Amino acid sequence: MPQIGGNKERIGGCATGCHRNGGYFSGISALEGQPMEKATETGRHDLRSSAWFRDQRDFWWNDDFIALLAERWRLDEAHSLADIGCGLGHWARLLFPFLGPDARLTGVDREVTWLARAREVFLDAYPAAVAAGRVEFDQGDVNSLALPADTFDVVTCQTLLMHLDKPERGLAEMFRIAKSGGLVVCVEPSNLFNMMSFDSCTSEQSTEDLVRNFEFWLRFQRGRIALGKGDISIGERLPGMFAEIGSTDINVYLRDKAFPVYPPYSGPEQEATLEPIKAWESSDTGPWNYAQLARYFLAGEGTAPMLESQLAAMRAEGERQFNAVSEKRYSCGGGAVVYIVSGRKP
């Protein structure tokens, strides 16, 4: 059901939603990280925008798991944290209360509108820290951060690197601004795997359809990389990237959150997961910008006939899923592979 990371908030960012096997649920699940860029030619909204995630991003993490990570990382010993590609500040807001006394937080993002909203979020959640000047949000680019070297105890990002043409450069910048011995944490998905997760409608699809679906998303992913739009499955590469940069104490975890959907679809989490489906059903394209899908797929050496066939199959699968939800017979486990990789700066 999930695909993570819209274009950050990011493409990502979209940890997760429900995107199973090419239907409407495929759009949500590949989120934490698979955002589409703004589609001005079709008038579609930017999937990297907060509108794409609705309320679902608020459910991306289990509170007790965040507390466990904070203990493993000894966040109570940290007094400064930089959240790169912070978007609306969801990730930083979760980590901030675990930092040491009087800790300061710096959020960086390229979108001024999101930075303004992130300030509002933190003013509401942590008014004393904001009033004390311990929280700031600045416009910037991960490829060239306007922050001094050896400054932060913790540097982190969530579904950011998956959108970069040269993620190694972005990761190097994160390590540059970390103090010696400081912690760098990256949260990134493996969305090709997530796109192939199964649901209660999968049994209605033939083996040949499922194989073609995998080929479609594989070519889509490779096309994105070829066009410099990032690797939606970069989570698989993160441990090696940390090792290549010389990081020590490298640890790899998997997020423990799932987004199950099952009748009668009650509760705030299921409502947040299913809410976008209602809007997509009334549109011509569902969650997808077909012009963008075509561009990436063809760049991945796909053929025009296969593209048309697969887009038709995606529309049909979306209808099948929507009808199953309407008839209260749709269900899925809602799991997604999201890596949390941490390491220390030598």
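Analyst: Leu-81 stands opposite Leu-105 in β4. Strand β3 (residues 80-84) and strand β4 (residues 104-109) pair in the parallel sense, over five bridges. Two strands count as paired if DSSP finds at least two bridges between them. Strands are DSSP runs of E with at least two residues, helices are runs of H or I with at least four, and both are numbered from the N terminus.

This is a predicted model, in which local features need pLDDT of at least 70 and side-chain atom pairs count only at pLDDT 80 or more, while totals for chains, interfaces and linings use all residues. Residues are numbered from 1 along each chain as its sequence is written, and side-chain values use heavy atoms, with hydrogens and water left out.

β3 and β4 belong to an open sheet of seven strands with mixed pairing, in the order β5-β4-β3-β6-β7-β9-β8. β5 (135-139) and β8 (248-254) are at the edges; each has a single partner strand, so one side of each is without a neighbour in the sheet. On average, neighbouring strands are turned by 15° against each other, direction ignored. Axes here are lines fitted to C-alpha atoms, for helices over the stretch in contact, and angles run from 0 to 180 degrees between N-to-C directions.

Helix α7 (residues 167-177) lies across β3, β6 (152-158), β7 and β9, at about 145° to β7. Helix α3 (residues 63-73) lies across β7 (178-189), β8 and β9 (338-344), at about 20° to β9. Contact means heavy atoms within 4.5 Å. The chain has 13 helices and nine strands.
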